[in-house]
Amino acid sequence: MSDAEILFETMGRVALIRLNRPQALNALTYAMLADIRRLVAEAEKDPEVTAIAFVGEGRGFCSGLDAEVLRQTTAAGESRPAAGGAQRANPDPPGMFSYLPRVSKPVISAVNGVAAGGGFVLAMMSDLRFGSESASFTTVFSKRGLIAEHGTSWLLPRLVGASRALDLLWSSRRVHADEALRIGLLDRVFPADELLAGLVAYVDDLASQVSPSAIAVMKSQVYRHLSDAMEPSLADADRLTQAQLKHPDALEGAMSLIERRAPNFAPWTGEAS
């Protein structure tokens, strides 16, 4: 195993980012956060990549910020911003991994063990969460004297409902895979040795059948419309539909149906939708 704290590989059409500090349950350092941001940006531009995924090495997914980093942060009385946010032309919103909903390709967390604190945030900020049977989640914040950090107060109620979100945030209790699937924290659960294969199969299926440009537009729609009223969302969807009808993928989708063949959609490299 490499000594690098972040490993990168492609599996099928998946750009897989591995957190590689198994001895610390893949606790995050600021250098790791910067590497993750860079690798996500590179994968978004790669036409051979359909989706970006995260997994942890060893028995954990991610236990959050490294204990020493957390000690330094709390001693200083303020958090350090994630690398690359303030210097960008379109700055990232405040909060760890807040840029992931803006990424125009699917982002999936393959939760292979405990996801706690910042690891919980990484999973929540991903578009989908696939878990092994040993996956578990805990918000942790209340046990550290902290509040609902990094957008969890906005996103978690939208996933599981307000009362469940308050329970998970207040108690910081451990939620195991079966309950996580039942309440909506996980989208799919696999045996541990089938987690990555299941993830790759899902993404390869998207790559063979689904328009990447449509995926990008729909992701943008869903996150923006979460905060919009119904009528503006309908108007926006109509505008986007008219624009998508002019995209080559719309004609290709129709022709593949008429000709009874697999579609050959254009690759996607992160263009603004």
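Strands here are DSSP E runs of at least two residues, helices are H or I runs of at least four, and both are numbered from the N terminus.

Some ground rules. This is a predicted model, in which local features need pLDDT of at least 70, side-chain atom pairs count only at pLDDT 80 or more, and totals for chains, interfaces and linings use all residues. Residues are numbered from 1 along each chain as its sequence is written, and side-chain values use heavy atoms, with hydrogens and water left out.

On confidence: pLDDT is the predictor's confidence in each residue, from 0 to 100. The chain has a mean pLDDT of 90, and 91% of its residues reach 70 or more. Over residues 83-87 the pLDDT is below 50, and this stretch has five contacts in the model beyond near neighbours in sequence. A contact means heavy atoms within 4.5 Å.

Back to the strands. Strand 4 covers residues 107-111, and four bridges join it to strand 6, the two running parallel. Two strands count as paired if DSSP finds at least two bridges between them. Besides the opening pair, Val111 has Gly131 in strand 6 as its bridge partner.

How many residues of strand 4 are buried? Five of the five are, so strand 4 is largely enclosed by the rest of the structure. Buried means under 20% relative accessible area, exposed means over 50%, and partly exposed is in between, with a 1.4 Å probe and protein chains only. In a regular strand the side chains alternate between the two faces of the sheet. In strand 4, Val107, Ser109 and Val111 are on one side and Ile108 and Ala110 on the other, and all are buried.

Five of its five residues are buried, so the rest of the structure largely encloses strand 6. Leu128, Phe130 and Ser132 point one way, Arg129 and Gly131 the other way.

Next, Leu186, in the loop between helix 6 (177-183) and strand 9. Leu186 counts as buried because its relative accessibility is 3%. Leaving aside neighbours within four places in sequence, the contacts of Leu186 include Arg129, Phe130 and Gly131, and also Ala135, Phe137, Ala177, Ala180 and Leu181. Its C-alpha atom is separated by 18 Å from that of Val140, which is 46 residues apart from Leu186 along the chain.

Strands in the order 5-7-8 form an open sheet of three, with mixed pairing. Strand 5 (114-116) and strand 8 (175-176) stand at the edges with a single partner strand each, so one side of each has no neighbour in the sheet. Strand 7 (residues 136-138) pairs with strand 8 in the antiparallel sense over two bridges, and the bridge partner of Phe137 in strand 8 is Val175.

Now two helices. Helix 3 (residues 118-125) is mostly covered, with eight of its eight residues buried. Among them are Phe120, Val121 and Leu122.

Helix 9 (residues 230-244) has 15 residues and reaches 21 Å from first C-alpha to last, close to the 21 Å expected at 1.5 Å a residue; the expected span is 1.5 Å times one less than the number of residues. Which residues of helix 9 are buried? They are Ser233, Asp236 and Leu240. Seen down the axis, the buried residues of helix 9 fall within an arc of 65°, so they line one face; the arc is that of the directions from the helix axis to the C-beta atoms. That buried set packs against helix 8 (212-225). The face turned away carries the exposed residues Glu231 and Leu234.

Last, Arg18, placed in strand 2 (residues 14-19). Is Arg18 buried or exposed? Arg18 counts as buried because its relative accessibility is 16%. Its side chain makes a polar contact of 2.5 Å with that of Glu9. A polar contact is a pair of N or O atoms within 3.5 Å; within protein, one must be able to donate a hydrogen and the other to accept it, and residues adjacent in sequence count only if both atoms are side-chain atoms.
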